[in-house]
Amino acid sequence: MAEFQNYTMNFGPQHPAAHGVLRLVLEMNGEVIQDADPHIGLLHRGTEKLAENKPYNHSIGYMDRLDYVSMMCNEHSYVLAIEKLLGVRPPIRAQYIRVMFDEITRILNHLLWLATHGLDIGAMALFLFCFREREDLVDCYEAVSGTRMHATYYRPGGVYRDLPDRMPRHQNAGNRSDKDIKRLNEDRQGSLLDFLEAFTNRFPGHVDEYETLLTDNRIWKQRTVNIGVVSPERAKQLGFTGPMLRGSGVEWDLRKKQPYEVYANLDFDIPVGVNGDCYDRYLVRIEEMRQSNNIIKQCITWLRDNPGPVMLDDHKFTPPSRVEMKDDMESLIHHFKLFTEGYCIPAGEAYAAVEHPKGEFGIYMVSDGANKPYRVKIRSPGFAHISAMKEMVVGHMLADVVAVIGTVDIVFGDIDR
Amino acid sequence: MAGWFETTFPFAVNLWGMLPPLLQELIIILLQVLPLVIVVILCVAFLTYFERKVIGYMHVRIGPNRVGPKGLGQPFADVIKLLIKEIIIPANSNKFLFLIAPILALVPALATWAVIPVFPGFAIADINAGLLYVLALTSLGVYGIILAGWATNSKYALLGAMRSAAQIVAYEIAMGFALVGVLMAGGSLNLGDIVEAQSGGVTSWFWLPLFPLFLVYFISGVAETNRAPFDVAEGESEIVAGFHVEYSGAAFAMFFLGEYANIILIAALTTVMFVGGWHSAFSGPAFSFMDDTVLAFLREPGLFWLALKMSFFLYLFLWFRATFPRYRYDQIMRLGWKVFIPITIIWIAVEGVMVYAKIGPWSA
């Protein structure tokens, strides 16, 4: 009698649905997955070790490069850890700006997730729809920090600078018609806040558009309902956080349960799922986009009415302004010290976590009193989620692996660090 | 005209007369085949352009616009690129099958055109068993895919081939049953006769009495050509490119050509069998008021109508691709076996009763 064997297939790291560099060794019986073994580490850059060798502020930029689709949230956690060790809190306006950009980041992340999740399951149109909206949000990143992705905008003690009064406008470089330029600049006549407000007004309509394509689509439902089910108990055991946990029906959100910055002053809801399958997680994330949109709106209103400083005035760790330096010796010395050796943090340890778009993103920082951290440990949500990959895909078919990878919202920057 | 030719080029006429009759016939057939094949291939070229434009606009982007005016040169640029690329043959593949598979995928798609009635009274091969010929050739195309997947000796390609094989078996049956309905309605296996039987306006085409079969046939056609949402054999995000994962250059171009030729073919067959082929939509007595107006030309049957109806179905193919997510392989099987086949069987029974009781447009 012929002997039947399972089929071992190497899924990735060069695979259109590997979301970067996931290597999944699949053992399959026909198309049914018997075993899945995720191999990670192909994007390891030694962020934690690098951070030990440079002054505190130099590593903020490395945090952007962890989860490279939710940049400012990574920074936020790192900056919070430093502030915890220093025992300071940023000015209230800076806190609102941070919250606003955290939520912009959440929308950015969820849009990219929706785009790739859709593309993985074959809904091509969604990909480009989502990128259309992302474009406006990365423009906001650019307006405040000068870069579209790796912002390095949050600093210990506040944010790098206040929101610009003038939203940068498109100029005709010869490749567009004047009519096009005019349309693109329509919302850019005022400040960044005006531009964002226009965005928040139209964004719910765009989310409706995505939902028209997917939510009641029979094929989409067939592909996601009851795929990758995780029970609430199991989700907690596996260390799930964020939409993965909420999709299973556990109401846990650091923004509500352990409010940081000004989240306690803001009004928003935590969407939770029921069945813990891909479809519920999809619904949770879609609703989170709407909630984030509301939070941004509230922040815009507050920021309009409350001008003020965005950086602490303590020049032991925040740089003095250029103007002050011109005729103030002390400021010059502060500047020199900060930009040569940085600042020292009293010995101690701290853990600061934020509700990152993907879950709980935490930085555990140990200081020995020097100008560099003694140790930085990054708690990335994706790492716990990908560990559950096997559990979620065994018994499903090959096509479902792709759906599960999509629903986990993997980005290798923060898993491999 | 002919007399002018005979007097000007008497030697040509003599030469023609000297040829054996079998060769004469062959040359005439070749002269008919060549334009048709060229037209089909040109259609393929511009279908890819059309596809990229249509999907582009549906995706809020522009699509190709660099090569030539409005990007119209894009298909030719693509062809040239594909032809000058190297064909890489994997070391452990079966080289003979690897190279013959793309040909097997392309040839049936072109050969089926022989029986399509292109305009009134013309098909290259006006054979009696046209419908059977169509069934036979459209199901041959799958061999190209299966052989490609197997000969490549790659796991991804093999999965693609297995999926394709299972899918085509399932949908071939539904398609066959749908054609049985057409056969009963048209009373002939000859495609020309089937078109004739649908004469007289939109309402007398078969899509109305055979509506379930029409839907099943067209959707099966989408599945048969491995197009979205049934493109699991390629399954870009799952098995990378499925059966043609290792193909490059001209060999890949053959698969590409085959796929698009098949799409055009399915559009043509749907048109011929369900929406009246080259018949005008306004040809029935209901539209006789148009006779004396400027719109009278719209009542003429012809190639124009075939092309128009085909374009509509081709557009549907692109629309599906732009909007739908992809089915999972077992869901496609379920749809084929548990939905389409029962529908066709039931409707054939209903149609049988209708034919027997002489209700319906074919009762005459």
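**Close-up views of cysteines and a helix pair**

**View 1. A:C73 is a buried cysteine in this predicted model.** Its relative accessibility is 0%, and since anything under 20% counts as buried, A:C73 belongs in that group. Accordingly, A:C73 is in no disulfide, and the nearest cysteine sulfur, that of A:C299, is 13 Å away. As a reminder, a disulfide is a covalent bond between the sulfur atoms of two cysteines.

View 2. Is A:C140 buried or exposed? With a relative accessible area of 1%, A:C140 is buried.

**View 3. Helices α3(B) and α12(B) cross in chain B.** Helix α3 spans residues 21-58 and helix α12 spans residues 303-323. Their axes come within 10 Å and cross at roughly 45°. That angle makes α3(B) oblique to α12(B). The crossing of the two helices is right-handed.

**View 4. Side by side, these residues form the contact between α3(B) and α12(B).** From α3(B) come B:L47, B:F50, B:E51, B:V54, B:I55 and B:M58. They meet B:L314, B:Y315, B:L318, B:W319, B:R321 and B:A322 of α12(B). Sorted by class, this contact of α3(B) with α12(B) has 10 nonpolar residues, two charged ones and no polar ones.

Definitions and conventions. Residues are numbered from 1 along each chain as its sequence is written. Chains are lettered from A and ligands numbered from 1 in the order in which they are written. This is a predicted model: local features need pLDDT of at least 70, side-chain atom pairs count only at pLDDT 80 or more; totals for chains, interfaces and linings use all residues. Side-chain values use heavy atoms; hydrogens and water are left out. A disulfide is a pair of cysteine sulfur atoms within 2.5 Å. Buried means under 20% relative accessible area, exposed over 50%, partly exposed in between (1.4 Å probe, protein chains only). Axes are lines fitted to C-alpha atoms, for helices over the stretch in contact, and angles run from 0 to 180 degrees between N-to-C directions. Helices (H or I, at least four residues) and strands (E, at least two) are DSSP runs, numbered from the N terminus. Angles under 35 degrees count as roughly parallel, over 145 as roughly antiparallel, 65 to 115 as roughly perpendicular and the rest as oblique. A crossing is left-handed if the near helix is turned anticlockwise from the far one by less than a right angle, and right-handed if clockwise. Contact means heavy atoms within 4.5 Å. Ala, Val, Leu, Ile, Met, Phe, Trp, Tyr, Cys and Pro count as nonpolar, Asp, Glu, Lys and Arg as charged, and the others, Gly among them, as polar.
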